[in-house]
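This report goes through one protein chain part by part. Please look at the sequence and the structure before reading on.

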Amino acid sequence: MNKKIFCLIICCLMVGCRNVTISKPNQFVVQDALDRTIEFSEYPERIVVAGKQTPMLANFIYLFTLDEKLLAIENRSQSPDKFLELIDDEYQTKLIFEKGAGVEQMAPLNPDLVILKTSMKDEIGIGLEEVGIPVIYVSFENIDEINNDIRVIGKVLDEDERAEEIILEYKKIYSEINDRLISETNGKDVLILQATNIDQKYSFQVPSSGWLQTKMTENLKSNPVWVSESLSGGWTEVNIEQILNWNPDNIFIINYRGQSNEITMGLENDELWKRFISSNEANLSPFPYDFTSWDQPDPRWILGYTWMASELYPEQIGREYLLETVKKFYTFFYGLKEEFIESEIIPLISIYLE
């Protein structure tokens, strides 16, 4: 009798176990910038970064410990500078896609994950998902989105703690600058111009009202004079008459090929601009560029914010503070040694620190 009861109990336990789902330790879920919920059964080991603004996305991903997870990157560099090659000895082993790579180039690599900007959903993302390749979308257009996207990347790389450390360091620098300006009440009229020069003919564009450049200006207690003329979602071309009518106190010149200083010097020698600068006591400054321009939603946005503060409020945020922030940034965010920073990075920005 006891033997039969024992066998019956064992059978019941075995039947019950068949209905139990044992979750794998590496299962996790992320919510991306398009509010899509993506489930993963394992942490991705073969990651591709592609589409628009790939260099900036890659720079954010390199804030983490990648090991060999980064499989391929699309080549959309703004300049011949090779930042990732400088900080990653294994960068040459990555597959580099030509600009405009599509599903047919990525699918044969069988990636576990492709990271794209939200604007790439229709162009590439849907096609990748149709062939079974997971995609997450990031935005990186303003400070809140940058923090959210850092958390998403930290999650898929199994580095949640590092993500929080990065966000905390950003907040620390950001708050320190704002605290130094807490008593400031006389905000400046500011104009940010993306400028190009072709055969001594200058053209100018202003950023969208919702972009990082505009928000940085506002957060530095200044008035972005171009907002009423800017178009949502893109750069808006403006002419010299509009610029003169705005009559800004400070004009920041951006160029995404590293020519902001050259263009600024050209404008200072242009007769019309020379009269405008002199009569209105306007300050004309080239936006810093080391491996990329600091005004963008790149990890260096905090350097751009610090530099703008030093231009607008030099008594509160001096050049020494800016230089120390640059060193702190590259040390903490990318783990670079001070000697490396002094030899490879500081020379690139010295013209902006004068």
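## A covered helix

Which residues of helix 2 are buried? They are Thr54, Met56, Leu57, Ala58, Asn59, Phe60 and Ile61. Helix 2 spans residues 54-61, and seven of its eight residues are buried, which leaves the helix mostly covered.

## The chain as a whole

The model discussed here is predicted. The chain has 354 residues, and 48% of them count as buried. Taken along the principal axes, the box filled by the C-alpha atoms is roughly 105 × 45 × 45 Å.

Contacts can also be sorted by how far apart the partners lie in sequence. Among contacts between residues at least 6 apart in sequence, 63% join residues at least 24 apart.

Five strands form an open sheet in the order 5-4-3-6-7, and their pairing is parallel. At the edges are strand 5 (95-97) and strand 7 (135-138), each of which pairs on one side only. From one strand to the next, the twist averages 20 degrees.

Strand 3 (residues 47-49) and strand 4 run parallel and are joined by three bridges. Within this pair, Val48 stands opposite Ala72 of strand 4. Strand 4 covers residues 70-74; four of its five residues are buried, so the strand is largely enclosed by the rest of the structure.

Strand 6 (residues 113-117) pairs with strand 7, also in the parallel sense, over four bridges. Tyr137 in strand 7 has Leu116 opposite to it.

## Helix 5 on the sheet

Helix 5 (residues 121-130) packs on the sheet and touches strand 6 and strand 7. The direction of helix 5 makes about 155 degrees with that of strand 7.

Is Ile126 buried, exposed or partly exposed? With a relative accessible area of 33%, Ile126 is partly exposed. Neighbours within four places in sequence aside, Ile126 is in contact with Lys121 and Tyr137. Tyr137 is also the residue that stands opposite Leu116. Asn75 is 51 residues from Ile126 in sequence, and the two C-alpha atoms are 21 Å apart in space.

## Helix 6 and helix 7

How do helix 6 and helix 7 run relative to each other? The axes of helix 6 (residues 143-156) and helix 7 (residues 160-180) cross at roughly 160 degrees and come within 7 Å. An angle over 145 degrees counts as roughly antiparallel; helix 6 and helix 7 are therefore roughly antiparallel to each other. The crossing of helix 6 past helix 7 is right-handed.

On the side of helix 6, the contact involves Ile143, Asn147, Ile150, Arg151, Gly154 and Lys155. These meet Asp160, Ala163, Glu164, Ile166, Ile167, Tyr170, Lys171 and Tyr174 in helix 7. By type, the residues of this contact between helix 6 and helix 7 divide into seven nonpolar, two polar and five charged.

## Helix 12 and helix 13

Another helix pair is made by helix 12 and helix 13 (residues 319-334), which pack at an angle of about 175 degrees with their axes 9 Å apart. Helix 12 and helix 13 are therefore roughly antiparallel to each other. Helix 12 contributes Ile302, Leu303, Thr306, Trp307, Ser310 and Glu311 to the contact, and helix 13 contributes Arg319, Tyr321, Leu322, Thr325, Val326, Phe329 and Tyr330. Of the residues in this contact between helix 12 and helix 13, eight are nonpolar, three polar and two charged.

Thr306 lies in helix 12, which spans residues 301-312. Thr306 is buried, with a relative accessible area of 0%. Apart from neighbours within four places in sequence, the residues in contact with Thr306 are Ile173, Ile177, Ile317, Tyr321, Leu322 and Thr325.

## A loop residue

Where is Asn269 found? Asn269 is in the loop between helix 10 (260-268) and helix 11 (271-280). The relative accessible area of Asn269 is 57%, and the residue is exposed. Pro286 lies 17 residues from Asn269 along the chain, with 14 Å between their C-alpha atoms.

Methods. Residues numbered from 1 in each chain as written. Predicted model: local features only at pLDDT ≥ 70, side-chain atom pairs only at ≥ 80, totals over all residues. Heavy atoms only, no water. Pairing = 2+ DSSP bridges. Helix = DSSP H or I, 4+ residues; strand = E, 2+ residues; numbered from the N terminus. Axes fitted to C-alpha atoms, helices over the stretch in contact; angles between N-to-C directions. Contact = heavy atoms within 4.5 Å. Parallel < 35°, antiparallel > 145°, perpendicular 65-115°, else oblique. Left-handed = near helix turned anticlockwise from the far one by under 90°. Nonpolar A, V, L, I, M, F, W, Y, C, P; charged D, E, K, R; others polar. Buried < 20%, exposed > 50% of the residue type's maximum accessible area, 1.4 Å probe, protein only.
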